[in-house]
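Dear colleague,

Please find the structure below, followed by some notes on what was found in it.

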Amino acid sequence: MAYAVTASNLHKSFKDLHVLKGVSFNIPKGSIFALLGSNGAGKTTIVNILSTLMKPDGGNASVCGYDVMHKPEKVRQSISLTGQFAAVDGILTGRENIILIARLRGVKNPGEVADNLLRRFGLNEAASKRAAAYSGGMTRRLDIAMSLVGNPDVIFLDEPTTGLDPEARIEVWNTIKELSDSGTTILLTTQYLEEAEHLSDRIAILHDGIIIANGTLDELKKLFPPIKKEYIEKQPTLEEIFLAIIGLKGEESQ
């Protein structure tokens, strides 16, 4: 199997706080990989390491075959990063935002690129409006559209639906699915269990600085205690699986 992203035994500390304690995982090309964990679990730290914004204290990682430590410029050429807060200039129109990024990246025909992305993300009618007038869902879609300038092979989405209402969240979910269907590899960090369950091909649960479970939803369900049969057979939700796995790991560490 070909992997777009690999991480092996990543460690990272901030003064006396050991955030990552040997994190390892692989992401197959063209898949959506969800990194699920509570606030402070280390999800953003992993994204920062993989996107070359931060150096690990130990371990190694590669993106599109390029080592993040030794070939950071090659990694940056292959990726795009959408953070927790939209990097959109509210003074500029939607079209102007995309053109700006295209020019900064040295992409040919920036106007044509902007028009194609606006059409792809359903923002044609709002193209000439200032981004400050966009709804939350539209702003996030524009942010993701900007991240696609230059056709990156891998996109890191760090909690992309934080603060969005349910309708806007579904808009972003549909956009992420479309990206994956087109062959883009996506690493999605989230604290929303429903989001990971709805979008991901594989889910890794990050807890206390380590990956305590990694697999498809069906594989994670097998880690859940046997189903109790009452009147009907109830399938466990991802939330129940998440809490059960963390509880089991907590008991093992005692």
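The crossing of helices H5 and H6 is right-handed, a term used when the near helix is turned clockwise from the far one by less than a right angle. This is a predicted model, in which local features need pLDDT of at least 70 and side-chain atom pairs count only at pLDDT 80 or more, while totals for chains, interfaces and linings use all residues. Residues are numbered from 1 along each chain as its sequence is written, and side-chain values use heavy atoms, with hydrogens and water left out.

The axes of H5 (residues 136-147) and H6 (residues 166-181) come within 8 Å and cross at roughly 20°, where axes are lines fitted to C-alpha atoms over the stretch in contact and angles run from 0 to 180 degrees between N-to-C directions. The two helices (DSSP runs of H or I, at least four residues, numbered from the N terminus) are therefore roughly parallel to each other, a label for angles under 35 degrees. Their contact (heavy atoms within 4.5 Å) involves residues including Arg140 and Ile144 of H5 and Glu171 and Val172 of H6.

The largest nonpolar core has 32 residues, of which Ile98, Leu117, Phe121, Leu142 and Ile176 touch the most other members. Such a core is a set of buried (under 20% relative accessible area, 1.4 Å probe, protein chains only) Ala, Val, Leu, Ile, Met, Phe, Trp, Tyr and Cys residues joined through side-chain atoms within 4.5 Å. H6 gives this core its largest share, five residues. Leaving aside residues up to four places away in sequence, Ile176 touches Ile32, Leu157, Pro160, Ile186, Leu188 and Leu199.

Best wishes

Key. Parallel < 35°, antiparallel > 145°, perpendicular 65-115°, else oblique. Buried < 20%, exposed > 50% of the residue type's maximum accessible area, 1.4 Å probe, protein only.
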